[in-house]
Amino acid sequence: MSVQPLYMNGEFVTSQSHEFIDVVNPATEEVLSQVADATEEETNHAVESAWAGQKVWEKVPQVERGRIVRQIGDAIAADKETYAKMLSEEQGKPLEEARGEVDTAVDFFHYMSEWNRKIGGDIVPSDDPNEQILIQKKPIGVVVGIIPWNYPVFIFARKVATALITGCSVVIKPSEETPNTAVAFAKVIDKAGLPKGVFNLVTGKGDTVGNRLASHPKVALISMTGSVPAGTKVMEAAAQNITKVNLELGGKAPIIVSKHADLDLAVKHIKASRIENAGQACISAERVYVQEEVAETFTKKMVAAMADTKVGYSLNEDQIDMGPLASSHHLEKVEQLVNHAKKAGAHVELGGKRMDKERGFFYAPTVLTNVNHDDEIMTTEVFGPVLPITTYNTFSEAIDYANDSIYGLASALYTNDYNEMMQAARDLHYGETFVNRETGEAIQGYHAGMRQSGIGGTDGKHGLNDFLSTHVMYLAYQDEN
């Protein structure tokens, strides 16, 4: 059984920890590898390495940083099928989805590399004579990137590429459930020509490694993607040093389907959103509000579409639409939430149970009706292929339902009525709203949430700014006599 190494100060090292975590294939329940729960000393060493590397990397010209970031993307693209299969194996998503995620990671390295000549500041006039005010953008410093298990390849690229192009060194902590692709990418980065210490990777649990990284005084930014409880712990640890946090946390995306919608389009997109990655995405359709006049028709179409889903393991079967949930723990959570909904009176139109498979953490595509807006299944993030549907009468009522949540990440609207679109643009309190299209952000856009969905954001120029600090210089001068 292979034990994945750590990567610190420009070299792969074997952890001295005596605690190891199994990495399990969620479709076959086979143990693929192990990772160490790194020691506090090793975690400190990773940060100290990044601290030393930061002093070198921030002085490298932006154009050279861009060349290296581009090179990393090219190297991943050259062997993308290997990484896609590795991702499908450790995370369970269908191979076609895994290929798409690797392609997105490559795109992210390429996109960020193009900022190599675009990061700049301002010169503004002073109120005083013989003075100029120079505002410049600088690397914020050592960045800690905490990677989730649901999109371990793409979010690795999102954090690493942004850190590197802005001149920041980085320490990555991958999820202990999906570390294999992160280690594989560390091998790519090892060959890219970065100064020692600029990139580091340390494995382990959040309570040990994650907490130490978040509380380390030499860390300038913690960029974390994960659950609300995990984000709360990161904020608590970061508060010890007033360290900046960038948090993408949970979501409970409301989908409003108006009587003015193209129902077939809505069904197609909502199904795709709900079964992608087996529903394990923070922006996927978590709750549907459909207008009363079209509710019966929509629900019948939705059930038929969800029923037409081929579930399995794409490294063993062809044409798979959906894979397993990522672990037995996640399967049990989804099962528990659906069982509670049934006890509360929800009608199971489809699914509602584990799938009858010999091995693996498979849950059936599920559609629930007869649910109320304030039921647990409508308020708690399910993170599985479960779609609860309820109805509304007026459009304002739907907006109120959508906003009545502790989350504020993604939302969606299906309507061909211009007035409804504009009302949603004004009144929906979400970081993202997708109109007549499937949920899914663009790397040149901006991905951010409100309320308990997070702080700060990622992607595009606005996300890049979180990795920069602003330095103002007042340059006074004297006229020559």
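The axes of helix H2 (residues 62–78) and helix H5 (residues 152–165) cross at roughly 160 degrees and come within 9 Å of each other. Angles over 145 degrees count as roughly antiparallel, so H2 is roughly antiparallel to H5. The crossing of H2 past H5 is right-handed. On the H2 side the contact is made by Arg65, Gly66, Val69 and Ile72, and on the H5 side by Ala161, Leu164 and Ile165. By class these residues are 5 nonpolar, 1 polar and 1 charged. The model described here is a predicted one.

Another helix pair is H3 and H4. The axes of helix H3 (residues 80–91) and H4 come within 8 Å, with a crossing angle of roughly 125 degrees. That angle makes H3 oblique to H4. The crossing of H3 and H4 is right-handed. H3 contributes Lys80, Glu81, Tyr83, Ala84, Lys85, Leu87 and Ser88 to the contact, and H4 contributes Leu95, Ala98, Arg99, Glu101, Val102 and Asp103. The residues of this contact divide into 6 nonpolar, 1 polar and 6 charged.

Tryptophan 115 is in the loop between helix H4 (95–113) and strand E6 (122–125). Its relative accessible area is 14%, and buried means under 20%, so tryptophan 115 is buried. Setting aside neighbours within four places in sequence, tryptophan 115 is in contact with Gln62, Ile165, Lys461 and Leu464. Between the C-alpha atoms of tryptophan 115 and glutamate 293 the distance is 49 Å, and the two are 178 residues apart in sequence.

Helix H6 (residues 180–190) is mostly covered, with 9 of its 11 residues buried. The buried residues are Asn180, Thr181, Ala182, Val183, Ala184, Phe185, Ala186, Val188 and Ile189.

The nonpolar cores come next. The largest has 62 residues, of which Val257, Ile270, Val288, Phe298 and Ile377 touch the most other members. Helix H10 (residues 295–307) supplies the largest share of this core, 6 residues. Valine 257, leaving out neighbours within four places in sequence, is in contact with Leu263, Ala266, Ile270, Val288, Tyr289, Val290, Gln291, Phe298, Tyr392 and Tyr414.

Arginine 359 is in the loop between strand E15 (347–350) and strand E16 (366–369). With neighbours within four places in sequence left aside, arginine 359 is in contact with Ala27, Thr28 and Glu29. The C-alpha atoms of arginine 359 and glutamate 30 are 9.5 Å apart, although 329 residues separate the two in sequence. Aspartate 374 is in the loop between E16 and helix H12 (376–379). Its relative accessible area is 61%, and exposed means over 50%, so aspartate 374 is exposed. Tyrosine 401 is 27 residues from aspartate 374 in sequence and 9.0 Å from it in space, C-alpha to C-alpha.

One more helix pair is H13 and H14. The axes of helix H13 (residues 395–403) and helix H14 (residues 418–427) come within 11 Å and cross at roughly 30 degrees. Angles under 35 degrees count as roughly parallel, so H13 is roughly parallel to H14. The crossing of H13 and H14 is right-handed. Phe395, Ser396, Ile399 and Asn403 of H13 meet Glu420, Gln423, Ala424 and Asp427 of H14. This contact has 3 nonpolar, 3 polar and 2 charged residues.

Lastly, there are two residues with positive phi. Asparagine 436, which is not a glycine, has a positive phi of about 55 degrees. Asparagine 436 is in the loop between strand E20 (432–435) and strand E21 (447–448). Aspartate 459, also a residue other than glycine, has a positive phi near 80 degrees. Aspartate 459 is in the loop between strand E24 (457–458) and helix H15 (460–464). At 2% relative accessibility, aspartate 459 counts as buried.

Terms used
Residues are numbered from 1 along each chain as its sequence is written. This is a predicted model: local features need pLDDT of at least 70, side-chain atom pairs count only at pLDDT 80 or more; totals for chains, interfaces and linings use all residues. Side-chain values use heavy atoms; hydrogens and water are left out. Axes are lines fitted to C-alpha atoms, for helices over the stretch in contact, and angles run from 0 to 180 degrees between N-to-C directions. Helices (H or I, at least four residues) and strands (E, at least two) are DSSP runs, numbered from the N terminus. Angles under 35 degrees count as roughly parallel, over 145 as roughly antiparallel, 65 to 115 as roughly perpendicular and the rest as oblique. A crossing is left-handed if the near helix is turned anticlockwise from the far one by less than a right angle, and right-handed if clockwise. Contact means heavy atoms within 4.5 Å. Ala, Val, Leu, Ile, Met, Phe, Trp, Tyr, Cys and Pro count as nonpolar, Asp, Glu, Lys and Arg as charged, and the others, Gly among them, as polar. A nonpolar core is a set of buried Ala, Val, Leu, Ile, Met, Phe, Trp, Tyr and Cys residues joined through side-chain atoms within 4.5 Å. Buried means under 20% relative accessible area, exposed over 50%, partly exposed in between (1.4 Å probe, protein chains only).
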